[in-house]
Amino acid sequence: METEGFNSQTTFLFIPPRSQQCQPPHKSQNQFKRKTHTPSPPKPKTHSMPPEKVEVFKSLETWATNNVLPLLKPVEKCWQPQDFLPDPTLPFSDFTDQVRALRERTAGLPDDYFVVLVGDMITEDAIPTYQTMINTLDGVRDETGASSSPWAIWNRSWTAEENRHGDLLRSFLYLSGRVDMLMIEKTVQYLISAGMDPGTENNPYLGFVYTSFQERATFISHGNTARLAKEGGDPVLARICGTIASDEKRHENAYARIVEKLLEVDPTGAMMAIADLMNKKITMPAHLMYDGHDPRLFAHFAAVAQRLGVYTAHDYADILEFLVGRWGLEKLEGLTGEGRRAQEFVCGLAPRIRRLQELADQRAKKLKPPLVKFSWIFNRELSL
Ligand SMILES: [Fe+2]
Ligand SMILES: [Fe+2]
């Protein structure tokens with residue numbers, strides 16, 4: 001039985017089944033010049049939080065100072081990319097020895113691993129977009145650029161912590177010599193120019209549910225690239241990815257704590273937000289990725305990540321299940337009728353996603369996996 005009010009037709013898989021992954025590229029601009037009668041897409045919803053709820057976030061400022069800001073690490077206690085990279089201040093031959101050692105360690109890692117690592121790095125490098133996204137949220141945005149509100153302090157410091165992730169992975173990839181840096185740099189520029197639309201509607205309820213989900217997704221993904229690096233013979237890269245993963249875990253904890261508090265002070269409002277976002281599906285932050293050549297670059301990268309087990313549609317269901325447990329959604333009380341319907345929808349969703357994914361996996365097994373060229377690895381082909 002479907003839950004009233006939520007779209008029963010929604011497919012929840014963020015990765016398209018293989019059968020759809022290798023469709024011809026998007027139509028050329030000329031084709032779009034033809035007259036069509038397609039109705040224009042609905043206007044995106046904005047500022048969906050009722051204005052009076054801004055007060056909820058105002059009233060939580062002291063709580064945020066005491067419970068969220070302590071999850072940041074002081075700069076002096078943070079790792080920096082240079083801690084993991086060859087030291088350029090050494091005599092030149094010692095420096096090049098370190099670079100040689102780095103290259104020898106990556107020799108056992110295959111191209112598909114590098115494609116996933118590059119995709120992860122590009123996702124991290126679009127950090128300006130994520131800071132912007134959080135600053136679209138009503139009631140928690142940084143009003144001046146250096147506001148002393150705890151929400152603004154969190155956003156700036158979180159951004160500063162995250163900024164190291166892309167920097168470190170980028171420098172590592174550059175030194176590895178295994179990837180086409182020019183194509184990677186173009187992809188980053190395209191991606192930051194394109195932005196993202198996670199459907200959070202300037203609404204911090206939706207925004208913090210989204211970030212809770214995403215931080216856990218990145219924790220899983222970096223954790224798996226760490227594991228594969230170790231198995232592939234590169235303990236330093238394993239430590240790099242593992243260290244980034246542990247930052248993501250701390251960030252996940254902060255965002256999940258905020259949603260937990262919202263569930264306490266406004267259970268129906270928070271429950272409805274979780275259901276709304278899950279009904280829309282969680283879009284991945286780099287979903288608008290493009291390198292100037294492959295219009296389906298994100299789907300192709302995601303398919304390789306799925307095949308390697310770095311981030312899969314099963315992880316999507318696992319994250320949802322984890323958050324349902326973390327937030328105690330099954331036992332949440334004090335909900336209105338609408339809130340209870342949202343609760344029923346969210347709590348029943350993970351098994352449905354798994355069933356759909358199993359069907360998609362079975363269908364995919366019957367198809368020959370397509371070969372796709374990745375510009376990031378000098379147009380070498382990979383099977384999806
Ligand atoms: Fe990150
Ligand atoms: Fe993160």
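Predicted model: local features only at pLDDT ≥ 70, side-chain atom pairs only at ≥ 80, totals over all residues.
Residues are numbered from 1 along each chain as its sequence is written, chains are lettered from A and ligands numbered from 1 in the order in which they are written, and side-chain values use heavy atoms, with hydrogens and water left out.

I placed asparagine 202 in the loop between H9 and H10; helices here are DSSP runs (H or I, at least four residues), numbered from the N terminus. Its phi is near 60°, a positive value in a residue other than glycine. Glutamate 201 is in the loop between helix H9 (181–194) and H10, and has a positive phi of about 55° although it is not a glycine. I recorded glutamate 201 as buried, at 10% relative accessibility.

**Helix H10**

Helix H10 (residues 204–231) has 28 residues and reaches 40 Å from its first C-alpha to its last, close to the 40 Å expected at 1.5 Å a residue; the expected span is 1.5 Å times one less than the number of residues. I found 23 of its 28 residues buried. At the N-terminal end, asparagine 203 caps H10, with a side-chain oxygen 2.9 Å from the backbone nitrogen of tyrosine 205. Just after H10, glycine 233 takes a positive phi of about 95°.

I then listed the donors, which are N, O and S atoms within 2.8 Å of the metal (3.2 Å for Na, K and Ca); water is not among the atoms, so sites may look incomplete. Histidine 165 in helix H8 and glutamate 248 in helix H11 are 83 residues apart, and the pair links distant parts of the chain. Both histidine 165 and glutamate 248 are buried.

For the iron ion (ligand 2) I found Glu162 (OE), Glu215 (OE) and Glu248 (OE), lying 1.9 to 2.1 Å from the ion. Glutamate 162 lies in helix H8 (residues 150–176) and glutamate 248 in helix H11 (residues 235–265), so this pair ties together parts that are 86 residues apart in sequence. Glutamate 162 bridges the two iron ions, ligand 2 and ligand 1, which lie 3.5 Å apart.

**Helix H13**

The twelve residues of helix H13 (residues 297–308) should span 16 Å, and the end C-alpha atoms are 17 Å apart, which agrees. I counted ten of the twelve residues of H13 as buried, among them Phe298, His300 and Phe301. Glycine 309 follows H13 and has a positive phi, near 75°.

**Second largest pocket**

Which residues lie nearest the centre of the second largest pocket? I noted Ser48, Asn203, Gly269, Met272 and Ala273, out of 16 lining residues. H12 gives the most to the lining, with five residues. A pocket is an open set of points on a 1 Å grid over the protein atoms alone, where a 1.4 Å probe fits, with protein on both sides within 12 Å along at least five of seven lines; lining residues have an atom within 4 Å of a point.

Terms used
Helix = DSSP H or I, 4+ residues; strand = E, 2+ residues; numbered from the N terminus. Buried < 20%, exposed > 50% of the residue type's maximum accessible area, 1.4 Å probe, protein only. Polar contact = N/O pair within 3.5 Å; in protein donor to acceptor, adjacent residues only side chain to side chain.
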